[in-house]
Amino acid sequence: MEFLIKIFQFNQIKKAVMRKIILFFQIIIIMLPAALYAQTKTVTGTVRDGEGILPGATVVEKGLPANGVTTDGNGKFKITMKGTSEVLIVRFIGDVTREINVAGKNTVDVIMSTNSHGLDEVSVVGFGKTTRITNTGAVSSINAAEVREIPTANVQNTLAGRLPGFFSQQSSGQPGKDASDFFIRGISSLNPAGNQPLIIVDDIEYTYDQLQQINVNEIETISILKDASTTAIYGIKGANGVLVVTTRRGKAGTPKINFRAETGIQSNTITPVFLDAYQSALLVNQAEANDNLALPAGQAPRQLSFTQNDLNLFKSGTDPYGHPNVDWYNEIVNKYSYQTNANLDISGGNEQVKYFISGGALNQDGDVKNFPDPRGELNNNYYFTRYNFRSNLDMKANKTLDLRLDVTTRFSDLNQPLAEGAVGQLYDFTKETPFTAPFLNPNGSFAYAYSPFNSGHLPTLNARLASGGNDNSRRTDYNVLFNAVQKLDAFTPGLSATARVAYSSVEQYSAQITPSSSAIPSYHYDPVANTYTLNPSGAYVFPTYSQTGQTDFYTTDVNIQLFANYDRTFGSLNHVTGLFLLNQDSNTTYANNTIILDPTQVAVPAKFRGLSMRGGYDYAGKYLFDINAAYNGTDRFAANHRYGWFPAVSLGYALNKEDYFKNLFPAIGLFKIRGSYGIVGSDAAPGNRYVYNQYYTQGGGYNFGQSEADYNSYYENSLSNPNVVWERQKELDLGLDMNLLKDNKLSVTFDYFHNIRYDQLITPANVSEVLGVGLPAVNVGKTQNQGFDGQIGYHSNIGKVQFATNFVFSYAKNKILYEDEPQPASPNEALTGWPINQPIGYHFVGYYTAAEAQEINTYEAAHGGNNKGNSIAAPIGEIMEAGDLKYYDFNHDGVIDEYDKTHIGHPNLPNTTLGLNLQASYKGFSISVLFQGSFNYSFIVTGTGIEPFQSQFQPIDLQAWTPSNAANAQFPRLTQVPNTVNSPTFYPSDYWLVNAYYIRLKTLELRYVLPSKLLPFHLTAGSIYLSCYNLITWDNYDKYQQDPEISTNTVGDAYINQRVVNLGVQFGF
Amino acid sequence: MKNYKNKILIGIGLITLVAAAACRKSEKFPVDKVSGIYIFDPRDSAGTQALKYLLNVYSVVEIGHNRVGGDYLDAASDDAVSSSPGGQVTILATAGYTAIDLPANENVWSSTNSTNTANYWNGIRSATEFMAGIDVVPVKDFVAPNGKINGIGVSTRYIWRNEARLLRAYFYFELVKRFGGVPLLGDKVYNVNDNIALPRSSFADCISYIVSECDKAKDSLITAPLINPAQDNYRVTQGAAMALKAKVLLYAASPAFNNPSGGNSNPLTGYPSYSASRWQLAATAASQLMAIGNYSLDPNFKNIFLTQNDPEVIMVRTANGTNPSNNVESNNGPVGFGSAVAQGRTSPTQELVDSYPMSNGLPITDPNSGYDPNNPYNNRDGRFYATILYNGAPWLGTTLQTYEGGISKPNNGQTETLTSYYMCKFMGPQTTSNFQGHDEDWVIFRYAEIKLDFAEARNETDGPVDSVYQQLKDLRLRAGIAPGADNMYGLTVGMTKDQMRAVIQNERRIEMAFEEQRYFDIRRWGIASTVMNQPLMGMSITNSNGNLTYNLIQVLQPKFVAPKMNVYPIPYDEVLKNPAIGQAHQNPGWSF
């Protein structure tokens, strides 16, 4: 031992001496040219980017690579020019190189624009980092600085169109509930719970809703891991890809304070238009006339609801109380609402302690007008407020031990009217029509629905919003991470060990303030008699409120990680890396509310444990080899089926390092081909968390005996599957990384992938109901998912204008290879061979003509109501009318039925997304634009979203089929009957299904960085910016008045996605 | 140097600590979850958990009150219509269903795959599982066949086992009367790896299986009157087993399944050849129950549905939730009463109203009946007043107004009666302005039905003999019909078998209205194609200064396709999932 230490000490001394000698020579080398040319011009300056000063940037004189300095802790530098070029080259990691002409100047103010597509781009992967040069897996990443100013509350909303392989859908704009669903390389599991990517923040797993609470200002980088070589380390949780987020950390230097405040205007991306009372009444009459035609012979036609006098009064508006005409959407929904956001962060430190401390506050108002309760004591509107706090500390305990302590909390407050569906009723014909009731009675009292189409005396929507109370949920997230890295170079150089303990907890409780009885005073005003009639189910006074509350959920998660890292270069060419990880996680959930979380998660902690390892070798950065493996499992499976191996290998070959290649293509800075193959898993199972164990549930009581005591009963839950295991996915990825042209101006990344997901956990759909009990999930499903993604970046400058473009493309198409489906009625309905969630419905071929309808009805009358055998097909037992939607009769039997359904359109999740980012900067001005498009997806709107007499009348209804409009009809004949062939609910068809695409001007950012001389006080940086979100949308349908990111087979969301125009300022000092 | 040692030691210690924590076995199973061993526990001498499992089997029995989409199933027959049309009963009444979209509450075959749905295949499985499992539970109690608790006799678990057996037979009958022959699973508890794609058994086999199960169970069940009603009054009894047998045999003998003109071509939906002896079996089964003498008609017709331990009630499904309550009233009571809010869901038809005789027993069409079309609700059968609320009926301390614009027919867009009638069977007398609570149990078998079963079967075998007349007289006496000078309660002397059949069918209609009988009766009698293909009528009463004018109005055009709709189609998903059924063994006439 003593001996070893002596040798070690000797080595230390020797090294120190060597270092000094080298330094001496370096100084000589640097000084030499200076001595030769003896120029004396000294240039000083500051290097900054939009967010503040940049310590550590390199400033090099052009033509003299040896003459370089780095900026100090305040971003300042001082360089003595020795050459003749009069040009400085300024570089900062991850940023574009800038050339600054200093002819005639002694001070310069250098503003760097952020661009993360450089050669040195560092991507964070699981428990480590990689660079574009040495990476062998499929990783895409961005620097969060690019998205920090986008005015949305959720980090996942900022990523659409920026990361190849990232697919997202934002289906609501409600404050606090507007986070996108996202998927990495589409979806590949039939199991609906089995497609969510793993989310890793600072190497700790987060949930979807924990992620959406994070303030983007705290984030440093965002990566997605897409192939087996990068996700295998997560083993049983890696199959859906991984989103990796790292947070910002302090850098040594004087304290840098950065303050940002912004405020924005939100408005709907689309404002639905509903017809006014006159047009609606006309269409009601039109529908009733249509329905009269369909009455059985001999039945007296029904009186139309509106007389000519009614129509005249609706049109003239002279009887606003007897014949009201209310535009409910615009009366209830505000055109604009506001959001504000402020962030303050302080970072800095010295070599011993570095810190990054930040705080943020965000507030989003709702789009409903303010209808305060009658006493003015409640805010019944939507809103969302969030406060974030983070402190990231790095400490050097001694030369070899690094400690790190991160503490984060997030508080949020989400409010919504208790009648949350109330705003959805804006579309609902049975609740609100233009002639339902006046907005308010002449004496200011609330009115109630008083039209033959609005039964139940429902008070008007403004009355219900005002007195319906609210639902307010408050949520607190805590995360604490303690980390110790012990360098073990003493054992062998390049080795370190890390121990990490992370604790996270989320608590949400909500309070509902409800009227103690729902009877609201509302009156019907009769303008002729000038009388007010109290709502028969109303009350004379406003109800008092009562308050209830509950803890919605409470989760705690403890994650312990212990790992050893190894990174050493032997000789100068053989680079070896290694990782060995022990990871254990225990998650306890208490959920009061079964809607939010699986109730079976309550009480028993969900446990995860595993070992992961990684080994990498590269020779001179030319031949790259990586092997990853995880051996891990969760308690979702029986003890003997709990653990599995998830291995992956990847190879890379950087051709550009080969001499012959360099000679052939000198302009190619990087040309690397890479490939990976491996198996990863997914442990999400539908339904019961313990699929392997069957249990009985205490259920609804049965009254037994005379006293009728409510005895509990036990019922059998779904059968168990003791052999249940995780889903597995074989992933192949082939990729190409290229940097072309001088200064790597053009960079290209391309990945092809082919995944097979097998052993999927699906509930068999092919077992007779005679079994009499629910079935467990079994490992039988199999799907394939393949596609490609990548990006092409180009940056250059024209004169002093720097510009960069980045084109991102993603395509992922899945196909079911095996699903346990019953033999369908028609081969057109088979799910196997088609994408997951393929819509199935009828094929629209036109409108029935009067002659055809007549022939069908005659034929049916003659054949006992059965149309079988008729040459013109129709559903059995329905009286067809001209203007009904006609569907294709696949089996030519004369009957439109289940056998005539076929595959129509595409699944709801787009299989192609594109993003085009354009950036330009000139001096302090910069502009960044992101166009994002999604293609190849479909949706159907049903119910109150579109169907006449369920939905309020919409402009499309004016183009309904009528005898005079038969040639130009865009909509079936109007009818009051809800379940005819014209209903998308009962007859889903490609008439209703829209094969959609959209292109959005997703974000637009204009920024002006104030020059130093304009900065007052001691500010070191300042900028003002205008940023926009969802600014303009182009889509390809006019049937529906909905945002294009709608979920299919729904009525749409009344809380439409928001467009935000936001103005912000930022200061650093 | 020491420093290094310490660090290494700390490091090793830390690793050991974490590794030790990691090595602890995780909880294998959530302790709050109950596995099968808890249910059938060999140490549970009280059978506490097993009894709870049996109660689950009991709970599968459906409560008929507003069962089908919020309406009574009878609103899908010619007795009533739903006041809010378009729901499940309207679909049933207008033949708007197919194998794909059989209305959910009548699709008692499918949707077991959602947990704990009250569903008869689920009930059958649970009952079989109970029968298979109960033997290991050492229940100490003994019950004598005569119903003595803790006496010497049959052990309680044996009684329980037979209760499960009878309930299982009842579930099979509920399936067979809707679908025809179904797969018979026997005593095997099928698991996920078993081949469950079983073929349908023939109608004949299903009937004989159900009957034999009733026979097996009946002597091992407690008997009425209950020794200890406070504890046992919702258990199935020997009487229930016999009543089920009588009803099953009556259905099996009925023309829809036992076609007198040459049998039924499809063995899945009936007997291939006609046999008159099936009526004899039905008559015998009913008379055997009548012979044990444990049941009698309750002189107060209303009380059957409002009180516990009624002498007439043979099998009952207890109401869910709190009892006493007023759910029947609040769902079906007349609208327009501020203090006693009601939905008026059920609108009895004019056809039902007209089928009630006068208080002298004569039908209203009889010229001697004394029926006055301008005062149509005077002097009617007592069961009319116990079943139907009409304009002028006493209700909630006042007089009901169902004329156009009246308090209970305001025509303001709310749900209200379509026919000017509301249902009041199962409701308390409600003499104050607020509802008064009462028991709301659902009667499955009662003695009156057995008498009607007997009368119907006996009339088919022997014609209108005295014992047939006697059953009707008993019911009419209880209904308050005057015996008349000839002591015939308005019945014609010397009717033919056909005439008597019509009278029995009408008597069953008015006696058993809203008890889920009529809907199936019109099918098994083969009269649905007549009564369900003509418009159903209601009354529109106009009140002009107290002068009431009565006008018939059409309220629904029903539809029925015979013989296809005598049974439901096998649900489409089952046809797909079960290759042993497939389209080849779908019920005749149904493609979907």
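Student: What makes the pairing of A:Glu1045 and A:Arg1000 a salt bridge?

Tutor: In this predicted model, the side chains of A:Glu1045 and A:Arg1000 come to 2.5 Å, N to O. A salt bridge requires a Lys or Arg side-chain nitrogen within 4 Å of an Asp or Glu carboxyl oxygen, so the pair qualifies.

Student: Why can this pair be said to tie parts of chain A together?

Tutor: A:Glu1045 belongs to the loop between strand E46 (1021–1035) and strand E47 (1058–1068), while A:Arg1000 belongs to strand E45 (residues 994–1009), so the bridge joins parts that are 45 residues apart in sequence. Both A:Glu1045 and A:Arg1000 are buried.

Student: What makes A:Asp789 and A:Lys226 a salt bridge, and where do the two residues lie?

Tutor: Their closest N and O atoms are 3.2 Å apart, and the limit is 4 Å. A:Asp789 sits in strand E37 (residues 778–798) and A:Lys226 in the loop between strand E16 (219–225) and helix H3 (228–231), so this pair ties together parts that are 563 residues apart in sequence. A:Asp789 and A:Lys226 are both buried.

Student: How do you know that A:Asp733 and A:Arg674 meet the criterion for a salt bridge?

Tutor: The N to O distance is 3.7 Å, and the criterion asks for a distance within 4 Å. The bridge links distant parts of the chain, with A:Asp733 in strand E35 (residues 727–740) and A:Arg674 in strand E32 (residues 670–682), 59 residues apart. A:Asp733 and A:Arg674 are buried. By this rule, the count over all chains is 83 salt bridges.

Student: Which residues of chain B are linked in a network of salt bridges?

Tutor: Among them are B:Glu312, B:Asp381, B:Arg383, B:Lys425 and B:Arg446. The network also includes B:Arg476, B:Arg478, B:Glu507, B:Glu511 and B:Glu515.

Student: Why is A:Asp900 called buried?

Tutor: Its relative accessible area is 0%, and buried means under 20%, so the term applies to A:Asp900. A:Asp900 lies in the loop between strand E41 (885–887) and strand E42 (902–903). Leaving aside neighbours within four places in sequence, the contacts of A:Asp900 include A:Gly841, A:Tyr842, A:Tyr888 and A:Phe890.

Student: Is A:Leu651 buried or exposed, and what makes it so?

Tutor: A:Leu651 has a relative accessibility of 51%, and exposed means over 50%, so A:Leu651 counts as exposed. A:Leu651 lies in strand E31 of chain A and is one of the residues making a nonpolar surface patch of about 780 Å². Strand E29 (606–619), strand E30 (623–634) and strand E31 (643–654) each give two or more residues to the patch, and E30(A) supplies the largest share, 3 residues.

Student: How do you know that the buried residues of helix H5 of chain A lie on the same side?

Tutor: The buried residues of H5 (residues 308–316) are A:Asp310, A:Leu311, A:Leu313 and A:Phe314. They cover an arc of only 165 degrees around the axis, which places them on the same side of H5(A). On the other side, A:Gln308 and A:Lys315 are exposed. The cover over the buried residues of H5(A) includes helix H4 (277–293) of chain A.

Student: Where in chain B is the pLDDT below 50?

Tutor: Chain B averages a pLDDT of 87, and 90% of the residues score at least 70. The pLDDT is below 50 over residues 23–27, a stretch with 7 contacts beyond near neighbours in sequence. The pLDDT is also below 50 over residues 112–116, a stretch with 18 such contacts.

Definitions and conventions: Residues numbered from 1 in each chain as written. Chains lettered and ligands numbered in written order. Predicted model: local features only at pLDDT ≥ 70, side-chain atom pairs only at ≥ 80, totals over all residues. Heavy atoms only, no water. Patch = residues over 30% accessible without salt bridge, like charges linked within 9 Å, V, L, I, M, F, W, Y side chains within 5 Å. Areas by Shrake-Rupley, 256 points an atom, 1.4 Å probe, with all protein chains shown as cover. Helix = DSSP H or I, 4+ residues; strand = E, 2+ residues; numbered from the N terminus. Buried < 20%, exposed > 50% of the residue type's maximum accessible area, 1.4 Å probe, protein only. Arc of directions from axis to C-beta. Contact = heavy atoms within 4.5 Å. pLDDT = per-residue confidence, 0-100.
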